[in-house]
Amino acid sequence: MLIRRLIQSDRDALFAIYGDAENARYNFYRPWTIEQVESHIDAQSQIDVDSPGIAVMLAALLQNSDELVGCVQLTNVSPDDRQSEIGYSFNRSYTGKGLATEAVVGVLGYAFNCLGEHRVCAGVDTRNERSWRLLERVGMRREAHFIDANLESDGWSDDYVYAMLDYEWNRKYASTI
Ligand SMILES: CC(C)(COP(=O)(O)OP(=O)(O)OC[C@H]1O[C@@H](n2cnc3c(N)ncnc32)[C@H](O)[C@@H]1OP(=O)(O)O)[C@@H](O)C(=O)NCCC(=O)NCCS
């Protein structure tokens, strides 16, 4: 798997992910139009990844075919405290093969080993089982369950928060890097 920043030619692959209503289901956004995808890529190409509060969207590509199969987003939520938040979304044709797990581990490695983060967290709708199972698979801890955290058109929904600390990362992955 190759992880890199977005480029203009990612347009169609990105639309396949973020234009997909099923992928948006638990994530509080309406499926993107192709114009929104284009302006997102433009905006991403101009950001300074070191700026506080900036969300960097990274593309995950299959190494042998260069196909963009998913995206992992890393947001530097509190630079002084070395805290980031991670998010991800994958093309449904490529789920169930461990690719998102591999990409998330890669981006966690970047956050802890290269950026020097102390804590990386993730918020997830409790109904999004594939997502929280992924977080547990990579070794993140469930540390909160917020009840009735969001009011949606069909009622209240709950969120879990997961996190991993730098020493937890080192304990789990030190021998693999
Ligand atoms: C969240 C999301 C990325 C999870 O996708 P996923 O396919 O479950 O995750 P992976 O690609 O890591 O695949 C894991 C599956 O592959 C299997 N697998 C096969 N080989 C594997 C390997 N080498 N390593 C890990 N898992 C492997 C796992 O057992 C698991 O299968 P299971 O679901 O039957 O238990 C995907 O559902 C998605 O994009 N959802 C929409 C966006 C979204 O909700 N994002 C989260 C916001 S919080």
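Modeller: A polar contact here is a pair of N or O atoms within 3.5 Å, and inside protein one atom must be able to donate a hydrogen and the other to accept it, while residues adjacent in sequence count only if both atoms are side-chain atoms. This is a predicted model, in which local features need pLDDT of at least 70 and side-chain atom pairs count only at pLDDT 80 or more, whereas totals for chains, interfaces and linings use all residues. Residues are numbered from 1 along each chain as its sequence is written, and side-chain values use heavy atoms, with hydrogens and water left out.

With that in hand, an oxygen atom of the ligand lies 3.0 Å from a polar backbone atom of Gly-98, and a backbone N or O atom of Lys-97 is 3.4 Å from a ligand oxygen atom. The side chain of Thr-101 takes part as well, with a polar atom 2.4 Å from an oxygen atom of the ligand. Taken alone, the ligand would expose 950 Å², and the protein buries 71% of that (accessible areas are from the Shrake-Rupley method with a 1.4 Å probe).

The ligand sits in the largest pocket, since more than half of its atoms lie within 2 Å of the pocket's grid points. A pocket is an open set of points on a 1 Å grid over the protein atoms alone, where a 1.4 Å probe fits and protein lies on both sides within 12 Å along at least five of seven lines; its lining residues have an atom within 4 Å of a point. About 1,200 Å³ of space lies in this pocket, counted as the space filled by probe spheres set on the points. Of its 41 lining residues, Asn-27, Tyr-88, Ser-89, Asn-128 and Ser-131 are the closest to the centre. Helix H2 (21-24), strand E3 (68-78), E4, H4, E5 and H5 each supply at least two residues of the lining, which has 15 nonpolar, 14 polar and 12 charged residues.

Terms used: Helix = DSSP H or I, 4+ residues; strand = E, 2+ residues; numbered from the N terminus. Nonpolar A, V, L, I, M, F, W, Y, C, P; charged D, E, K, R; others polar.
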